[in-house]
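Hello,

Here is the structure I promised to send over. Have a look at it first, and then read on for what turned up.

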Amino acid sequence: MSWLEQLKRSLVIARKDVWIYYAKGPVMVFGLIFPLFLLMAFTIGRNMTVRDLFPGLMGMAIFFTSTAVGPAILPWEARSRTLERLVTAPVEVWALLLGDVFASFVFGILISLIPLAVAVVMGVEVIHVVVFVLGMLLATFCFASLSILLSVYPPTDVPATVMMLSSLVRFPLVFISGVFVPVDELPGWGRAISSVSPLTYFVDLARYSISGISYYSAPVDLAVMTVFAAVFLLAAVKLHERFLPQRFS
Amino acid sequence: MDAIQVKDLTKRFRSFTAVDHISFSVVEGEIFGFLGPNGSGKSTTIRMLTGIVKPDEGTAAIMDHDISRDPIRARESIGFVPEMANAYVELTAWRNLMLMGELYGVPRREREERAGDLLRRFGLYERRDDQVRGFSKGMRQRLLLCMSLINDPPVLILDEPASGLDVESSRLIKDVIRDLNRAGTTVFLTTHNIEDASQLCDRVAIINQGRIIAVDRPEALRRMGGGLHCIELNFSGSVSENELSGFTCVREVRRSGDKLRLYVDDIDMAIGCIADYSRAHDLRILTLNTLAPSLEDIFVRLTTGVESDELAGAA
Ligand SMILES: Nc1ncnc2c1ncn2[C@@H]1O[C@H](COP(=O)(O)OP(=O)(O)O)[C@@H](O)[C@H]1O
Ligand SMILES: [Mg+2]
């Protein structure tokens, strides 16, 4: 079985996810409202320009949208009793999970285009367009991979459990990522903590894209996000392979 | 060639052995049944064949593709309906079928043509553009069968395909299984229903507590019960099952509705005992029938045999 054929099947799975999980009304509404809500929460009553807020806001928008549904997909399938049929199809575990990652990726990109457009209309100028686009694609893929990793344990069929546990990871991660304060203004320990979050590197890169200023250099940001994405994806495949059987009993 | 070949397959959940060194083979072209009570290890065996449960010991191959070394090939040669599964209720019947066809790499033209044929055959064609959400349990099970056939598999694996369905769906499903088999598809199914097994299967393996205790044609299994007979009766008053099963000529007593079933070796002797018993207790026999040994009787005999052997071993 060629990996190309498997890749094709993961696209089939991604399309299925989009139909079923993302096309649901509440998810779309959440995706649309949430970034706008963030924008307002951060601009109203604060003496900061949209340009100052842009890196952090884009980071949050991408991070929250691309990790919004991913963790719940497998528990949902287990609960609705569609999982056994799906995983016994001639699809490798990596292809199946990659399908779920693609679905989260598409959702993250599409929704994040909205705050991006708003920011551009409000006068934010992206100088390094290619770097920014690359970073946005990479970051979204990286976070989408993380979202699938978050559903590994416990191998439950209760989506709410996974969503709660994944929030325990997602929210702290945002707070340590230099979203509110640029990395170079953080104390030494803050910088050390922020370096374990992949979001830090996207925010840094976004800052570079609009101002040319960054803490790490753009190639470092891109490289680190690539490494994070690879680690998340590999860990997700290995761990899901191990825990998947426990979803059936 | 054997369509399915299983050797010493074993699965433990912690210290509990759910499937215990099972070996059997399903010959190409036959309908092979796994018959056993709930919890006997049927679904676990199937899950090892479909590759979602890793065996602790043993090997298995489907159409000569080893399930551990070549799981994708093995899966491509089967159609599978899990126990208590569901199609995607948010999608239409048609989309569910297309999705499954694509996952099996069936070319577009082929899967559309086959989907149409299958839906017609299972009486779902008119409903193909409806969301599965509105389907009854029987319709959903029929759709799952359509989905399992979209890749035109040489082997069909069905976990309790007809249990808990309305009569019409159940009959339709059994008819289609027989038709498919006549056209060359090998079928491996599980059931806890003896009638289903004897109606459908060419051969039946009786499985209990993770072990196969007999494999044969349904009639041969019936014959195995040769010495065993069943007397069904009821009395005018209440009787103690313990006292009845205490008689040496009675192997086993079961309650069946308002009647009692006594499994006995010698009808003549047993009826004598029963008559003496009812006179001694001032009871009247209201009805008494002798039943030819059914597969169920054989089953009772075989499975209780295993238990009493074990008890003897433990004592
Ligand atoms: N994932 C699991 N973890 C622990 N025990 C299990 C698991 N799956 C099945 N079992 C146990 O294995 C035994 C056999 O189950 P199963 O194969 O589903 O039986 P059947 O299909 O014949 O009803 C049961 O006692 C069941 O409780
Ligand atoms: Mg079962």
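Please keep in mind that this is a predicted model. Leu168(A) sits in helix H8 (residues 159-175) of chain A. Together with Met164(A), Leu165(A) and Val169(A), Leu168(A) makes a nonpolar surface patch of about 350 Å².

Now for chain B as a whole. Its secondary structure comes to 11 helices and 14 strands, and its C-alpha trace spans about 75 × 45 × 35 Å along the principal axes. Of the 315 residues in chain B, 51% are buried. The chain carries 40 positive and 48 negative side chains, with the centres of the two sets 5 Å apart.

- Arg79(A) and Asp157(A) meet at 3.8 Å, N to O. Arg79(A) is in helix H4 of chain A and Asp157(A) in the loop between helix H7 and H8, 78 residues apart.
- Lys174(B) and Asp196(B) pair at 2.8 Å, N to O. Lys174(B) belongs to helix H6 and Asp196(B) to helix H7 of chain B, and both residues are buried.
- Glu232(B) bridges to Arg261(B), with the closest N and O atoms 3.1 Å apart. Glu232(B) lies in strand E11 and Arg261(B) in strand E13 of chain B, so the pair ties together parts that are 29 residues apart in sequence. At 11% relative accessible area, Glu232(B) is buried.

Best wishes

Note on methods
Residues numbered from 1 in each chain as written. Chains lettered and ligands numbered in written order. Predicted model: local features only at pLDDT ≥ 70, side-chain atom pairs only at ≥ 80, totals over all residues. Heavy atoms only, no water. Patch = residues over 30% accessible without salt bridge, like charges linked within 9 Å, V, L, I, M, F, W, Y side chains within 5 Å. Areas by Shrake-Rupley, 256 points an atom, 1.4 Å probe, with all protein chains shown as cover. Salt bridge = Lys/Arg side-chain N within 4 Å of Asp/Glu carboxyl O. Helix = DSSP H or I, 4+ residues; strand = E, 2+ residues; numbered from the N terminus. Buried < 20%, exposed > 50% of the residue type's maximum accessible area, 1.4 Å probe, protein only. Lys, Arg positive; Asp, Glu negative; His and termini not counted. Charge placed at Lys NZ, Arg CZ, Asp CG, Glu CD.
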